[in-house]
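Here is a friendly note to read alongside the model. Take the points in order and find each element in the viewer as you go.

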Amino acid sequence: MPRTLDAKMMYMLLLSLLVAGAVFLTAYGLGTLLLDKIYMSPESVAARQAEIYSDFSRYVKANHVSGSDENAVTNWPGNDEYTTILIYRDEDLPTMGGSPAMGGAAYSNANRLQYASEYGRLYSMRFADGIYHIAIGDSSQVREDTLNRILAVILGAVSFLGVMLWYVRRLTRRVIRLSREADVIGDGDLEAPITMQGVDELAQLAQEVDSMRHSVIARMSGERKAWEANSELITAISHDIRTPMTALIGYLDLLNEDGCKDSERSARFAASAYQKAMELKDLTDELFRYFLVFGRAQVEMNKEELDGGLLLEQLLGEAQFDLSDTGFTIQRQVFEGECGIYADPLYLKRVLDNLVSNLKKYADKSQPVVILTQLQDGILSVCISNTVRRDLNLVESTKIGLRTCEMIMQAMDGSFSVQKDEDHFAATFSLPVIK
């Protein structure tokens, strides 16, 4: 079966021609059969000749036509291209092998009988100047055969147009249906289905419209999730900022009321105010990092081929030193080996900085932080796990740093995942190695 509209159209043209030819032959054959059986039957031929004879006889009698008056015979109203009248005297009949020994009357009768057997029946008719013999020629079957052929051609043409119109109407219905379904989608009903039928260009167009519909749904879903994430972020940031901001305002208000009379108390208030100011700074830094990553359609990176082992050794060494300086105990498994990775070292360092910042805020310093690096199945991964602090005054995390890490690793064709329960937290980031 043809798969393109052009091929289908050619196929339908050929099919329409075959159907039209079959209809023509069938109609013409049936018409010819009916002409032979009915119109050209001996009874029908005799009846038509009798009618012509009667009509011509009345004309001859009414107008006193002589048998030798050719003009009068020619002017007979019934004389047309399908009717012929031949007028003979007995002596005008050609000799058809009759015997010379026969008498005149008998000889004439023999001539008439033999002429009739060869050329048709002869009729006697009285003219103004005597009795003549006429031969009636009727070729009206030519006219009927022409009409039969014209009718067969019309039926063939109608069948051709019928088949083509059926196919065109079928295509038109598909186009109209696709147009209506597209209008429904354009009105906002993205869940309305698109009917896909066949494998031609219209089916491909329907598939593309349906793919576009799914793309719009996916994009709107992504925008809705982004809007929800932004709303969640604004709510969380507003809550997180309000708490240290309120405390900072309170400490500053106390300092403003007491002045610097009690230096020890003022120093304590100033230290607390400084601590709350630093908390505000951390929150604004996280907010800046969030918009730096999530506010862009695509993270711009300068990825390059690097030694994965050497890069992680340097970055993890810096993170270990920073955590150790803060009072954490580090248990680290050093990666030994060589492998190449495509990465942006600045963004990879940002991932580790976010993880270190989270450790400082939420990890229990009395428990060790475990850093495990391994190469398996062509994937270089780093897992950092810790024990969660049991601090009732701990502010709920906005998870901005973790979302930033996930976006950065996805932009580097890597992955980022988190596993946690009530007591433990683990973050894993990985990159494919260069084969």
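1. **What you are looking at.** This is a predicted model, in which local features need pLDDT of at least 70 and side-chain atom pairs count only at pLDDT 80 or more, while totals for chains, interfaces and linings use all residues. Residues are numbered from 1 along each chain as its sequence is written, and side-chain values use heavy atoms, with hydrogens and water left out. Helices (H or I, at least four residues) and strands (E, at least two) are DSSP runs, numbered from the N terminus.

2. **A pair of helices.** Two packed helices are described by the angle between their axes and the distance between the axes. For helix H1 (residues 5-39) and helix H5 (residues 140-186), the axes come within 8 Å and cross at roughly 155°. Axes here are lines fitted to C-alpha atoms, for helices over the stretch in contact (heavy atoms within 4.5 Å), and angles run from 0 to 180 degrees between N-to-C directions. H1 and H5 are therefore roughly antiparallel to each other; angles under 35 degrees count as roughly parallel, over 145 as roughly antiparallel, 65 to 115 as roughly perpendicular and the rest as oblique.

3. Three strands make an open sheet in the order E1-E3-E2, with antiparallel pairing. Its edge strands are E1 (83-88) and E2 (122-127), each of which pairs on one side only. From one strand to the next, the twist averages 35°. Six bridges join E1 to strand E3 (residues 130-138), and two strands count as paired if DSSP finds at least two bridges between them. Look for Ile 87, whose bridge partner in E3 is Ile 134. Helix H2 (residues 42-63) lies across E1, E2 and E3, at about 15° to E2.

4. The structure holds nine salt bridges (a side-chain nitrogen of Lys or Arg within 4 Å of a carboxyl oxygen of Asp or Glu). In one of them, the side chains of Asp 138 and Arg 48 meet at 2.8 Å, N to O. Asp 138 is in strand E3 and Arg 48 in helix H2, so this pair links parts of the chain 90 residues apart. Both Asp 138 and Arg 48 are buried, where buried means under 20% relative accessible area, exposed over 50%, and partly exposed in between (1.4 Å probe, protein chains only).5. Asp 413 forms a salt bridge with Lys 303, the closest N and O atoms being 3.2 Å apart. Asp 413 is exposed, with a relative accessible area of 55%, whereas Lys 303 is partly exposed at 37%. Another salt bridge joins Arg 332 and Glu 313 (2.8 Å, N to O). Arg 332 lies in strand E5 and Glu 313 in helix H8, so the pair ties together parts 19 residues apart in sequence.

5. **A hairpin to finish.** Strand E7 (residues 369-376) pairs with strand E8 (residues 379-387) in the antiparallel sense over seven bridges. Two residues lie between E7 and E8 in this hairpin, and Asp 377 in the turn has a positive phi of about 55°.
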